[in-house]
Amino acid sequence: MINTQVTPSSLPPFLWGVATSGYQSEGGYNGPGQPQNNWSWSEADGTVMPTGTAAEFWSRYQDDFQICQHMGLNAFRLSLEWARIQPTHVAQVGQAPEFDLAALDAYVERLAACMFAGLEPVVTLHHFTHPAWLGLDPWLSVSTLDRFATYVRTTITHINRGLTEVYQLPPLSWYITINEPNILVLNSYFGKQFPSGSTLGQAAVLQAYNLLLAAHVRAYNIIYDIYEAEGWSTPNVSLNTYCSDLYWSDKVLWDLLHCPQHQVRERSLRPYITAKAEHHETTLAQANLPFQEDLPYRVGRWGRKLANWVGERRFDPHAFHTFLQELEYSPRDSVCDFVGLDYYDPFIAHTLRLPSFSDFEFKTKGLRAWLMSGITSKWWNWRSLPEGLHFFCQTYAQDLEQPILIAENGMALRRKPDNSVATPRPDQLHRSQFLRAHIAQVRRLLQEGVPILGYLYWSLTDNYEWGSYTPRFGLLSIDFDAGTERLWQDHLGDRPLETYAQLVQIATGEIPDDNPKLNLQSLS
């Protein structure tokens, strides 16, 4: 656990790294004889592209770790995939199967390789996916809490014993229990971008939030119980959210998790949350961020006002009863050791764009869906506002009184897997420019004494982006039509991995800021 009286001198070494997830990068899911997860049905019916081999991280991990080591990085975020660890090889709902000890040992091997490469593993336990045997909507059922707890307890115990006993390495130090619960919930039960059943709307959204937050609290305490029983050093455990300027889509989750510190119970939850929401709006207005106030932005502002109005009126404290019970029974005063933030384009007013009907990735059903897809922003339309990264980190650190881990930050280009389309972004931004601007804000935060634990870029390579290979976030490009070789130059001629390595080595003092010279050609 990190010292709650946060000062720069009390923080652990700064984490410079990259972020990945298993389903998106490992390969080997949802095919014949492979572990099946909740995306299996969508892949089978053609609703989304099949994952196939993805970026083949499962077999190329040694090379990827070596690249990160030579870049000067010291951290690597990866996920443990529940569907691989407790698998079925047929996509059908049923009873919980046995744990696959060979899969757990394989994860131990990869985590040990990560540590031997000088990279601190930041381990995610649930990154949007779950085993197919749980069905499409497990986070609407209270029984999932016990199943998730069993998975966490079995996995954490086995993996850390493997690291300590087989490899003589320390146990893992960094955990993210659940990745972006806000995106998982909204994309499942509001926007339908993720697989889900027929249940949609407010009740499903609130119940899923309720159980995901309860699952985090349960997992937090399980991890701490295991470490205390084994006599291991105290870990750092939290979750991460997708940054949003809409209070009801992001900050509300952190305020709920911090109820114990403010002695908030269910009966006093609404006034507490209402006050926090008002404070958030005031702080955001005072930040005076440099928005590009074009027509889509001005229309989007009205959409944000509507979303804020709806969020406030539909917030129901009673819907969080299971979560609040977990908090009440928790033997620990805190259930988060840090605040994990994923910063992309968090501003709701940026949701809309000028109409474009030539870059759809998924089939649309009906005229309304076709029109909405044409005017809503895609990955490569997300606007870059590095000053917003500073705002969220500074504001959350101050308000929540905890250090910040930038668990993801990235920028997408558009390139179809068959290379039939490979275009610049509408704003003409290159990834190297994006990196320079955002890491400048990280250094500014550190200079101002804001407690920042690390910066993890999403992602090391191009990968599977939830149904499609077209959005490209990688420091290393992949021509999926030709295989999974890592390419140092993207289709715009940019070499962002070299840029990131240079920026990290400047920040750590390995090379001078005024004469930065970097040579990584031996790895390319």
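Which residues line the second largest cavity? The first legend answers this for the predicted model, and the others cover further close-up views.

**View 1. Lining of the second largest cavity.** The lining is made up of Tyr344, Asp345, Trp379, Trp382, Arg383, Ser384, Gly410, Met411, Ala412, Arg425 and Phe434. By class, 6 of the lining residues are nonpolar, 2 are polar and 3 are charged.

**View 2. The largest cavity and the helices that line it.** The structure contains 4 cavities of 30 Å³ or more, and the largest cavity holds about 100 Å³ of space. Its lining consists of 15 residues, and those nearest the centre are His130, Leu136, Trp139, Leu184 and Ser188. Two or more lining residues come from each of α7 (181–189) and α8 (202–230). The greatest contribution is that of α7, with 4 residues. The lining of the largest cavity has 12 nonpolar and 3 polar residues, and no charged ones.

**View 3. The second largest pocket.** This pocket has a volume of about 380 Å³. Lining it are 19 residues, of which Gln292, Asp294, Asn381, Arg383 and Asp427 are the closest to its centre. The lining of the second largest pocket divides into 9 nonpolar, 5 polar and 5 charged residues.

**View 4. Strand β2 and its pairing with β1 and β3.** Strand β2 (residues 75–79) is largely enclosed by the rest of the structure, because 5 of its 5 residues are buried. Ala75, Arg77 and Ser79 point one way from β2, while Phe76 and Leu78 point the other way. Strand β1 (residues 15–19) runs parallel to β2 and is joined to it by 3 bridges. Within this pairing, Gly17 has Ala75 of β2 as its bridge partner. Strand β3 (residues 120–124) is also parallel to β2, with 5 bridges between the two. Here Leu78 is the bridge partner of Val123 in β3. Both Ala75 and Leu78 are buried, although they point opposite ways from β2.

**View 5. An open sheet of 3 strands, β9-β8-β11.** The strands of this sheet pair in the antiparallel sense. At the edges are β9 (422–423) and β11 (471–472), each of which pairs on one side only. Strand β8 (residues 413–415) is joined to β9 by 2 bridges. Arg414 has Thr423 of β9 as its bridge partner.

Methods: Residues numbered from 1 in each chain as written. Predicted model: local features only at pLDDT ≥ 70, side-chain atom pairs only at ≥ 80, totals over all residues. Heavy atoms only, no water. Pairing = 2+ DSSP bridges. 1 Å grid on protein atoms, 1.4 Å probe; cavity = no way out; pocket = protein on both sides within 12 Å on 5 of 7 lines; lining within 4 Å. Points joined across faces, edges and corners; volume = space filled by probe spheres on them. Nonpolar A, V, L, I, M, F, W, Y, C, P; charged D, E, K, R; others polar. Buried < 20%, exposed > 50% of the residue type's maximum accessible area, 1.4 Å probe, protein only.
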